[in-house]
Amino acid sequence: MNKIAIFADGGPDIGMGHLTRMQSLITRLDVASVFFTRTPDMVERVFDPTVGTKIEIVALENPFDLPSRLEKEYPAVSLLLLDPPIDPDNASATTGPTWCKFVNAIKALGKPVIRFTDEPRATRHNTDMLVNDHPNAADFVDEYKAGNSDIKLLTGLQFFLIDPEHDNAESAHH
């Protein structure tokens with residue numbers, strides 16, 4: 001694996017869980033990463049640049065610009081981890097259908113997409129893998145498969161990712 005791309009945001013209004021989830025995963029994978037985000041200051045607070053994997057943080061105003069940026073500037077990226085935050089003013093903004101065109105553009109570049117969510121009910125996803133850590137997610141595996149029979153699924157609380165050192169890391173950054 002050459003490099004992983006990530007898209008996620010975090011902050012006081014949307015929480016830090018999306019960022020800490022990616023931090024945990026990337027630290028364990030120990031692979032070079034490029035982190036696309038609309039909240040670069042928050043990503044810098046979560047990822048300590050002196051520890052673990054080298055991570056390039058790229059500010060991105062519009063996430064839907066990411067496919068063209070990957071194609072032109074980051075051809076070595078071999079996988080995208082997609083973890084769009086919940087928009088409290090527009091719940092449908094993070095559903096699978098909202099991101100289908102985006103995912104298709106990434107997959108057209110030959111890059112698989114792993115989507116992270118905690119949606120409380122199934123929506124259609126066209127990603128290669130879906131990780132849903134909602135407590136009831138295992139109850140709607142059949143619905144996910146009906147929309148995409150090839151999707152690989154990891155569902156339920158056992159797939160909730162958080163760094164066991166999260167509390168210690170948080171206090172170290174303040």
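D30 counts as exposed because its relative accessibility is 56%, where exposed means over 50% relative accessible area, buried under 20% and partly exposed in between, with a 1.4 Å probe and protein chains only. This is a predicted model, in which local features need pLDDT of at least 70 and side-chain atom pairs count only at pLDDT 80 or more, while totals for chains, interfaces and linings use all residues. Residues are numbered from 1 along each chain as its sequence is written, and side-chain values use heavy atoms, with hydrogens and water left out.

Back to D30. The loop between helix 1 and strand 2 (33–37) holds this residue; helices (H or I, at least four residues) and strands (E, at least two) are DSSP runs, numbered from the N terminus. D30 has a phi near 50°, a positive value in a residue other than glycine. Most residues other than glycine have a negative phi.

Next, L109. This residue sits in the loop between helix 4 (96–108) and strand 5 and is partly exposed, at 27% relative accessible area. What does L109 contact, leaving aside neighbours within four places in sequence? The partners are P67, L70 and E71, contact meaning heavy atoms within 4.5 Å. From L109 to S68 is 41 residues in sequence and 9.4 Å in space, C-alpha to C-alpha.

Now the interior. A nonpolar core here is a set of buried Ala, Val, Leu, Ile, Met, Phe, Trp, Tyr and Cys residues joined through side-chain atoms within 4.5 Å. The largest one has 18 residues, and I6, M22, F35 and L81 have the most contacts inside it. Helix 1 gives the most to this core, four residues. L81 touches, among others beyond four places in sequence, I4, I6, M22, I114 and F116.

Last, the second largest pocket. A pocket is an open set of points on a 1 Å grid over the protein atoms alone, where a 1.4 Å probe fits, with protein on both sides within 12 Å along at least five of seven lines; lining residues have an atom within 4 Å of a point. Its volume is about 240 Å³, taken as the space filled by probe spheres set on the points, which are joined across faces, edges and corners. Of the 16 lining residues, I86, A91, T94, E119 and P120 lie nearest the centre. Strand 5 (113–117) and helix 1 (17–29) each supply at least two lining residues, and strand 5 gives the most, with three.
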